[in-house]
Amino acid sequence: MADSTRHPMTGNEMSGSSEGGMERHTYDVVVVGAGGAGLRAAIAAHEAGARTAVVCKSLLGKAHTVMAEGGIAAAMGNRWPEDNWEVHFRDTMRGGKMLNNWRMAQLHAQEAPERVQELEDWGALFDRTDDGLISQRDFGGHKYARLAHVGDRTGLEMIRTLQQRTVQLGIDVFMECTVTDLLKEGDRIAGAIGYWRESGRFITFDAPSVILATGGIGKSFKVTSNSWEYTGDGHALAMRAGAALINMEFVQFHPTGMVWPPSVKGLLVTESVRGDGGILKNSEGKRFMFDYIPEFFKAETADTIEEADRWYDDKKNNRRPPELLPRDEVARAINSEIKAGRGSPHGGIYLDIASRRTPEFIRKRLPSMYHQFKELADVDITAEPMEIGPTCHYVMGGVEVDADTQESAVTGLYAVGECSGGMHGSNRLGGNSLGDLLVFGKRAGEAASAYTASLGDARPAVSEDDVKTAQASALAPFEVEGGENPYTIQHDLQQSMNDLVGIIRTASELEESLREIEVFKDRAKSMVVEGHRQYNPGWHLALDLRNMLIVSECIAKAALARKESRGGHTRDDFPKTDTEVWGKKNLVVTLNAAGDGVDLAEKPLPVMPDELKKYFE
Amino acid sequence: MGYDLKMRIWRGDQSGGDLGDYTVEVSEGEVVLDALHRVQATQAGDLAIRWNCKAGKCGSCSAEINGRPRLLCMTRLSDFDETETITVTPMRTFPVIRDLVTDVSFNYEKAKELPYAELPPRDPDGKRRMAQIDVERGQEFRKCIECFLCQDTCHVVRDHEENKPAFAGPRFFLRYAELDMHPLDTHDRRALAQGAAGLGMCNITKCCTEVCPEGIKITDNAIIPMKERVVDRKYDPLVWLGNKIGIRNKDNDGRTEV
């Protein structure tokens with residue numbers, strides 16, 4: 001590359017002779033995605049000595065992690081010395097209704113505290129306790145106040161800290177660059193191919209290790225707290241490369257999303273509002289959560305308003321308010337109240353902190369929420385209640401990985417964060433996501449780096465035929481004439497998933513959804529995009545839509561197969577949790593042989609060792 | 001509730017472009033980004049817009065609305081009269097890539113020039129201690145969502161390409177101030193802030209503070225105190241005399257110049 005130039009956005013070297021053609025790079029580890037998991041993985045890989053690149057769809061520092069509000073769950077014991085990893089592990093497993101991969105839940109609980117302290121070493125400024133330690137706040141499903149936080153903008157603090165660390169270490173970042181296919185030699189990863197969003201130019205990475213950290217799938221649903229990036233890219237890339245996904249039927253609907261105005265419907269309202277004293281009321285002014293305490297959590301939930309209110313100051317002698325049950329329970333309760341006709345004018349219910357805490361307290365603890373409602377809805381949350389309703393927030397399901405290394409069934413392919421599966425079982429506790437990103441990001445970065453090092457010079461090679469095929473496939477939407485606009489198909493898919501595969505599911509609607517997905521797949525075959533390859537959002541959407549379609553099929557198919565209700569999967573026709581049969585297995589989905597649909601299989605849960613079982617007796 | 005909104009949107013690339021006229025149906029409670037998305041979905045599938053969270057948290061959708069630097073997702077249509085034509089143009093300080101998307105690499109290059117937090121070892125129990133009141137100063141600056149609207153509006157670089165190499169801009173003065181006010185940090189970046197970052201070129205007109213969507217008091221709380229710190233070190237006659245006659249300057253205790 002004698003005539004090489006630097007890319008203006010990243011300073012990366014690129015071949016000057018490849019105008020309109022192919023740019024090529026060689027790395028030890030390529031990380032796809034620059035949210036918390038991706039950046040933590042890249043830092044770990046770099047520190048372990050690997051030549052590392054981060055490839056991300058947006059600008060650095062814009063990933064969806066910035067939207068995380070509440071905090072990072074870590075049993076540091078700064079507020080409650082009684083807290084430790086065993087309690088956190090137990091909370092996590094119970095929150096996930098025991099379907100979690102026990103080993104991941106254990107590693108997470110054990111390692112999260114050190115991962116948080118590390119952020120502080122790198123410059124993060126957490127809120128403090130009176131003793132000057134990192135403050136920890138209450139959240140749903142956590143026995144003790146456990147979430148390290150910065151007001152209600154913890155995700156921003158986390159991503160900025162990791163971003164600044166990444167730049168400090170000089171890790172190469174390919175921004176606004178979308179990976180479209182993984183490349184293999186035999187059954188091992190050889191690299192990845194994608195395109196620059198800015199120019200439409202293709203770019204190939206030769207790398208024996210690829211870490212997927214692409215986040216979730218929320219954009220398949222109409223009402224979601226997720227941004228446009230959440231199109232299930234990592235899920236789909238892994239499937240096409242031959243890996244399996246687990247737990248795809250479990251989709252978390254966050255209980256509190258904004259419902260008005262329409263343009264922000266679904267936007268997240270942090271659980272911290274409830275952790276800091278906020279309560280839920282219906283149109284009759286009733287604090288209805290007391291009517292929805294499930295048997296499973298009865299022993300640890302307050303059953304009177306008096307006890308619930310005392311708990312904020314005296315946790316030893318009182319039980320938790322029912323507003324702080326795990327998210328699946330609260331979302332279902334809100335859904336029932338709205339369906340029963342006790343909703344608010346815009347179809348939500350009320351979340352009230354104004355009557356419970358002083359305006360100063362609210363502005364100090366929940367500055368982003370105050371700002372968000374003031375600016376976008378003209379609502380002053382220190383003076384009036386918020387209107388909120390459930391919103392698609394997180395997918396528990398993802399790439400099936402080894403708990404210790406995050407490696408998938410494909411050698412050299414790793415998955416971390418939301419696009420991996422197992423850690424959260426059937427329902428994720430608030431605050432466990434940010435911890436997940438850090439703990440398993442680091443583990444994956446180290447494992448990927450060690451694997452690449454073990455290969456020496458015997459690296460798998462990228463096949464030029466595969467590169468050509470991938471390019472042709474990405475450019476296909478430009479070849480079609482007279483087809484349909486991708487925006488319309490996306491819109492219809494989102495509506496369909498919301499209506500038929502939402503919070504409450506039944507066999508007939510799930511079957512209907514699978515039929516509709518087949519129609520969308522057909523329509524997508526003749527999708528057409530206008531314009532040229534340079535920064536063309538229509539084309540980008542056309543490519544993302546392929547991923548959304550396959551992931552949506554995984555969700556609907558697994559949801560139809562699991563004939564019980566558990567965590568983020570509620571069947572109207574099978575309302576009971578079935579511990580004996582369904583409590584013992586996962587559903588696993590893979591791409592079918594023809595590559596145009598989904599195969600589904602059952603797999604027994606990993607068996608928890610006896611020394612951990614004792615926490616649940 | 002809906003009405004037809006008249007918009008003028010800049011379309012083009014590095015080689016030039018022009019304002020295009022669009023009429024799009026909008027409804028109650030919508031923001032400018034909603035209107036642009038509807039144009040994209042129904043009339044101009046290739047209209048380039050950079051956006052992510054649509055909640056004022058990621059700072060991606062910066063542009064100029066009727067000439068004023070703003071976030072597209074946080075500008076409500078109800079702020080305008082229904083008959084008013086809304087004009088949307090890309091940020092002027094950065095080179096256009098296409099339509100409303102600009103090349104903001106200037107900011108990422110400047111970020112690489114900054115030294116980072118350097119903390120002493122942890123306390124013996126493995127933890128660190130800082131008082132809430134001390135972290136709050138830095139926390140205000142860490143609210144920055146890197147929308148770069150402050151950089152866009154700053155007259156030192158707006159229409160002054162020649163100043164860019166020597167000037168980091170308000171976003172990074174904020175970062176210098178944050179690091180300088182970090183309760184545990186051990187580095188002294190005052191010389192660097194004045195030299196390499198061009199802090200002296202700022203003449204505190206507060207335009208950056210005015211456009212900050214996070215309401216950070218960039219000028220009053222970051223730039224002016226940082227200027228004072230630089231001046232204390234460099235020009236204070238007592239400090240100068242003290243240095244001359246060999247009195248140890250306690251202001252430098254616990255930090256190393258970088």
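**Notes on a two-chain model**

1. Leaving aside residues up to four places away in sequence, V30(A) touches A53(A), V55(A), A192(A), F205(A), A207(A) and V210(A). Keep in mind as you look around that this is a predicted model.

2. Now place that residue in its wider setting. The largest nonpolar core holds 253 residues, and V30(A) is among those that touch the most other members, together with V31(A), V54(A), I211(A), L212(A) and F173(B). Helix 15 of chain A, residues 537–561, gives this core its largest share, 15 residues. As background, nonpolar side chains tend to be buried together in soluble globular proteins.

3. Helix 5 (residues 170–180) and helix 8 (residues 218–234), both of chain B, pack at an angle of about 65 degrees, and their axes are 9 Å apart. The crossing of helix 5 of chain B with helix 8 of chain B is left-handed. On the side of helix 5 of chain B, the contact is made by P170(B), F173(B), L174(B), Y176(B), A177(B) and D180(B). Helix 8 of chain B answers with I218(B), A222(B), I223(B), P225(B), M226(B) and R229(B). By type, the residues of this contact are ten nonpolar, no polar and two charged.

4. Stay in chain B for a contrasting helix. How many of the eight residues of helix 9 (residues 237–244) of chain B are buried? The number is zero, so helix 9 of chain B lies largely in the open. Just after this helix, look for G246(B), which takes a positive phi of about 80 degrees.

5. Next, see how the chains meet. Chain B puts 45 residues into the contact and chain A puts in 49 residues. On the side of chain B that touches chain A, the elements giving two or more residues are helix 1 (32–42), strand 6 (96–98), helix 2 (105–112) and helix 3 (132–142) of chain B. Which of them gives the most? That is helix 3 of chain B, with five residues. The residues on this side of chain B divide into 19 nonpolar, eleven polar and 15 charged.

6. Chain A has an open sheet of four strands, in the order 15-18-17-16, with antiparallel pairing. Its edge strands, strand 15 (251–258) and strand 16 (279–281) of chain A, each pair on one side only. From one strand to the next, the twist averages 45 degrees. Within the sheet, strand 17 of chain A pairs with strand 18 (residues 386–395) of chain A over three bridges. To find this pairing, look for L351(A), whose bridge partner in strand 18 of chain A is M386(A).

7. Is R356(A) buried or partly exposed? It counts as partly exposed because 15 C-beta neighbours lie inside 10 Å. R356(A) touches G277(A), G278(A) and I279(A), not counting residues up to four places away in sequence. The C-alpha atoms of R356(A) and G278(A) are separated by 6.9 Å, although the two residues are 78 residues apart along the chain.

8. Finally, find the three-strand open sheet of chain A, which has the order 6-8-7 and antiparallel pairing. Strand 6 (72–73) and strand 7 (136–137) of chain A are its edge strands. Strand 6 of chain A pairs with strand 8 (residues 147–148) of chain A over two bridges, and A73(A) has L147(A) as its bridge partner in strand 8 of chain A.

Methods:
Residues numbered from 1 in each chain as written. Chains lettered and ligands numbered in written order. Predicted model: local features only at pLDDT ≥ 70, side-chain atom pairs only at ≥ 80, totals over all residues. Core = buried A, V, L, I, M, F, W, Y, C linked by C-beta atoms within 7 Å. Buried ≥ 20, exposed ≤ 12 C-beta atoms within 10 Å, placed from the backbone. Contact = placed C-beta atoms within 7 Å. Pairing = 2+ DSSP bridges. Axes fitted to C-alpha atoms, helices over the stretch in contact; angles between N-to-C directions. Left-handed = near helix turned anticlockwise from the far one by under 90°. Nonpolar A, V, L, I, M, F, W, Y, C, P; charged D, E, K, R; others polar.
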